[in-house]
There are 2 protein chains.
Amino acid sequence: MPKIVDHEARRAELAEAMWRVVYRDGAAAATVRSIAAEAGWSPGALRHYFTTQTELLAFALEHVMANATERFHAEDWTGPIREVVQRLLEELLPLDQQRVREMEVWLLLAARVPADPLARTRVAEADDGVRRATELAVTALADAGLVAPDRDVPTEATRLHALLDGLALHALLHPDLMPPDRVRAALAHHLDDLPRATGPSAADTS
Amino acid sequence: MPKIVDHEARRAELAEAMWRVVYRDGAAAATVRSIAAEAGWSPGALRHYFTTQTELLAFALEHVMANATERFHAEDWTGPIREVVQRLLEELLPLDQQRVREMEVWLLLAARVPADPLARTRVAEADDGVRRATELAVTALADAGLVAPDRDVPTEATRLHALLDGLALHALLHPDLMPPDRVRAALAHHLDDLPRATGPSAADTS
């Protein structure tokens, strides 16, 4: 099936050109024109693969997810569960230049979700991965006795997911206010809170 | 100064046309072309006011902030502090169609932050308002004895801000998974957690 092989090889070539552009110039610079130039193709030839900016960003996000999966499998996940969970969740935050670029791609596509079904599908897939990671994290902590028994695991997973995405957003948009160390500390503070029992309120006297 | 008055009147006219488009068709539909058509202007005349899509979105976000300020001043903020804080923070979440549209504008501009200084400035201003609201919320709760005394108010404000923006993002992008009631409940759960003392961990035995 040489035709299919060619097609896949050319897509891979495009992906490499696209990520060179994204890493060097930022996700917003990834246009049909700039990627064609980087790959040494004509814009017309590239439009055989992608006709819209959304298709290009959706393709880029597939690679973000593949990269994240690869990093996940390459990592050594042994160690104390509290540390492992922190490391797992930090993988999903834009704490280095590669993940900043990856999140730029996600954010450009997320902004298109209300208006574009393809953006909606791809962002839903990516976010589902993050949601499952937060469920895994809270379940693992609960199994290790690091979530107070009177806390509800799905409720805490929902809360952790919102916190994680909010931290990711602030790290990307306001790196001056939320540099990597503050982001890591905010996440650690939240995880450290989960074992506290939701017993009688300290404010009962107010 | 009739020229300045004219200029302001025409900007107000444009703002009205822009918001009719945004509310009816979504923020992504707000282009120089569509707003010119809605206002009955030529695209060339509109380009005298806005030359780029980012300038248009920045103008729209100014109106989002003005709307939010107006709602804030129109609201009756009397009542038990815990309820008032919940209402204040819910004002900042996309829980009805108007605020969904406003957040669409914010998200489109936020996606341009890494590449565009004007987007960066406007989004920073808007986010600063939300940050100050979360600081106000945690401070008011602490003053009422609704934050455990061993908790750090700035740390909790940072965490609440991330949680709030994460919930806003999930409400906008995944309304099927995070409908308004679930968003309100997640926020309430977080606020209810703040009075709990960070005493000895329940997990000390694990």
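How many salt bridges are there between chain A and chain B? The count is four, and the points below lead up to that pairing and beyond it.

1. Some ground rules. This is a predicted model, in which local features need pLDDT of at least 70 and side-chain atom pairs count only at pLDDT 80 or more, while totals for chains, interfaces and linings use all residues. Residues are numbered from 1 along each chain as its sequence is written, chains are lettered from A and ligands numbered from 1 in the order in which they are written, and side-chain values use heavy atoms, with hydrogens and water left out.

2. How the chains meet. On chain A, 48 residues are in contact with 48 residues of chain B (contact means heavy atoms within 4.5 Å). The two chains bury about 3,900 Å² between them, with 67% of it on carbon and sulfur atoms; buried area is the accessible area, taken with a 1.4 Å probe, that two parts lose on being put together, summed over both.

3. A salt bridge here is a side-chain nitrogen of Lys or Arg within 4 Å of a carboxyl oxygen of Asp or Glu. Between chain A and chain B, one such pair joins Arg151(B) to Asp193(A), at 2.9 Å from N to O.

4. What chain A brings to chain B. The elements giving two or more residues to this side are α6 (97-110), α7 (117-143), α8 (153-173) and α9 (180-193) of chain A. Helices are DSSP runs (H or I, at least four residues), as strands are (E, at least two), numbered from the N terminus. The largest share, 13 residues, comes from α8(A). By class, this side of chain A has 25 nonpolar, 13 polar and ten charged residues. Ala, Val, Leu, Ile, Met, Phe, Trp, Tyr, Cys and Pro count as nonpolar, Asp, Glu, Lys and Arg as charged, and the others, Gly among them, as polar.

5. Two domains in chain A. An automatic or database domain assignment gives the bounds: domain 1 is 1-51 and domain 2 is 53-193. Their centres, taken over C-alpha atoms, are 27 Å apart. The contact takes 20 residues from domain 1 of chain A and 15 residues from domain 2 of chain A.

6. Between those domains. They bury about 1,400 Å². In domain 1 of chain A, Trp19(A), Tyr23(A) and Phe50(A) lose the most area to domain 2, together 38% of what that side buries. The two domains have zero salt bridges between them, but six residue pairs are in polar contact. On the domain 1 side, α1(A) supplies the largest share, nine residues.

7. Record annotations. UniProt lists "domain: HTH tetR-type" (unreviewed entry) at residues 8-68 of chain A, a span that is 75% helix and 0% strand. UniProt also places "DNA-binding region" (unreviewed entry) at residues 31-50 of chain A, where the end C-alpha atoms lie 10 Å apart. Such annotations may be inferred rather than shown by experiment.

Note on methods:
Polar contact = N/O pair within 3.5 Å; in protein donor to acceptor, adjacent residues only side chain to side chain.
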